[in-house]
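Colleague: I have the model open. I would like to go through the labels and ask what stands behind each one.

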Amino acid sequence: MNVVQRGLLAGVLCVWLTGLPNFVQAQTPGQETQQEILALLKEQNNKLSGELRRIQREIAALRADMDKPGLKDVFSGIGYILGFFGAAAFVAARRKE
Amino acid sequence: MHISDGVLPLSVTIGGYAASAALVAWSAHRTQTEEMPKLAVMTAAFFVASLIHVPFGPTSVHLIIPGLTGALLGPSAFLSVGLGLLLQSLLFQFGGLTALGANALMMGLPALVCGWLFQRFKGSSIRRQAAVGGITGTLGTALAAIILALLLATGGEDFFGVAKIALLAHVPVMIVEGAVSAFTIGFLARVKPALLQQSFVYPHKAAHVSH
């Protein structure tokens, strides 16, 4: 993150912080609106935590998948085996002469 | 059923390496030059077979095929199993490198036993060869499970408990391996019976041929 980006972020944060109290004051919410906002926040919170759980599960599945050997490992192993026996056959054939 | 790092006591680890090294040397000594292509192909098959998973309840177990390897390779099977396990350990992270000796014993000894049994009892008819091949294929995994239990018993585990679990968990694998071995050997007996001859039972004849 370079200096310009950091400054920009700080600016945005300042605007948001100064704007927030005005917004809250301007609303001067009553009892019902507060309840409404609370309910909305709770709903949002539930949704987000559900989504987070899903993502965590996905990460775990991904990690389990990464532990499995891939096609690359299989072919490199077969290559090693054939190469090893090829070299051994070469040595054995030379010794026989 | 591979043994991981740090499960076995040090003495068993070192003993396993020593015994495996001796057996690999013997196996390499008994290998004929003409058999090398077969050996290479069977080693590759053994190496890859561990990726074939058989679903079993909530988990899955994979094929091992020590029996088939032994039946096809005879005395050379230990070399094949050792090399296959080394590469599985390096590339697939199956079993630890320090436990490689013990793992090689666990799967190599059944291979040798099965190879000997197959040569001893295979008879001459195709059907009998396939049947004996199927039995040795099943037996290979069962023996491997028992040796696994023996090795783990040295680390303080209860022998009969481990043996029971390992045998039960590998029942589906044994069935599949028996079928695969019977099919493979039956096919080879029909198409290329020469591949099923090894120097196990007739070492003098084989030695005579090689010189």
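Colleague: How many residues of chain A count as buried?
Modeller: 3% of its 97 residues. This is a predicted model. A residue needs 20 or more other C-beta atoms within 10 Å to be called buried.

Colleague: What secondary structure does chain A have?
Modeller: It has 3 helices and 0 strands. From the N terminus on, the order is α-α-α.

Colleague: What fraction of chain B is buried?
Modeller: 48% of its 211 residues.

Colleague: How do you know whether the radius of gyration of chain B agrees with a compact globule?
Modeller: Set the value against the rule. With 211 residues, a compact globule would come near 17 Å, and chain B has 17 Å, so the two agree. Along its principal axes, the C-alpha trace of chain B spans about 45 × 35 × 30 Å.

Colleague: What elements does chain B contain, and in which pattern?
Modeller: Chain B has 9 helices and 2 strands. Along the sequence they follow α-α-β-β-α-α-α-α-α-α-α. Among contacts in chain B between residues at least 6 apart in sequence, 77% join residues at least 24 apart.

Colleague: Why does B:Leu8 count as buried?
Modeller: The cut-off is 20 or more other C-beta atoms within 10 Å. B:Leu8 has 23 inside that distance, so B:Leu8 counts as buried. B:Leu8 lies in the segment before helix 1 (10-30) of chain B. Beyond four places in sequence, B:Leu8 touches residues including B:Ile3, B:Ala99, B:Leu151 and B:Gly155.

Colleague: Why is B:Ala153 called partly exposed?
Modeller: Buried takes 20 or more neighbours, exposed takes 12 or fewer. B:Ala153 has 16 other C-beta atoms within 10 Å, so it is partly exposed. B:Ala153 sits in helix 6 of chain B. Leaving aside neighbours within four places in sequence, B:Ala153 is in contact with B:Phe159 and B:Val162.

Colleague: How far apart are B:Ala153 and B:Leu8?
Modeller: They are 145 residues apart in sequence and 9.0 Å apart in space, C-alpha to C-alpha. For B:Leu8 and B:Ala179, the figures are 171 residues along the chain and 33 Å between C-alpha atoms.

Colleague: What span does helix 1 of chain B have, and what is expected?
Modeller: Helix 1 of chain B has 21 residues and reaches 30 Å from first C-alpha to last. At 1.5 Å a residue, 30 Å is expected.

Colleague: Which residues of helix 1 of chain B are buried?
Modeller: B:Val12, B:Thr13, B:Gly16, B:Ser20, B:Leu23 and B:Ser27. They cover an arc of only 100° around the axis, so they lie on the same side of helix 1 of chain B. Exposed on the other side are residues including B:Leu10, B:Ala18 and B:His29. The cover over the buried residues includes helix 4 (77-92), helix 5 (100-121) and helix 6 (126-154) of chain B.

Colleague: Which residues touch the most other members of the largest nonpolar core?
Modeller: B:Met106, B:Ala144, B:Leu148 and B:Leu151, out of 59 residues. Beyond four places in sequence, B:Met106 is in contact with B:Ile3, B:Ala144, B:Ile147, B:Leu148 and B:Leu151. In soluble globular proteins, nonpolar side chains tend to be buried together.

Note on methods
Residues numbered from 1 in each chain as written. Chains lettered and ligands numbered in written order. Predicted model: local features only at pLDDT ≥ 70, side-chain atom pairs only at ≥ 80, totals over all residues. Core = buried A, V, L, I, M, F, W, Y, C linked by C-beta atoms within 7 Å. Contact = placed C-beta atoms within 7 Å. Helix = DSSP H or I, 4+ residues; strand = E, 2+ residues; numbered from the N terminus. Rg over C-alpha atoms; globule rule 2.2 N^0.38 Å. Expected span 1.5 Å × (residues − 1). Arc of directions from axis to C-beta.
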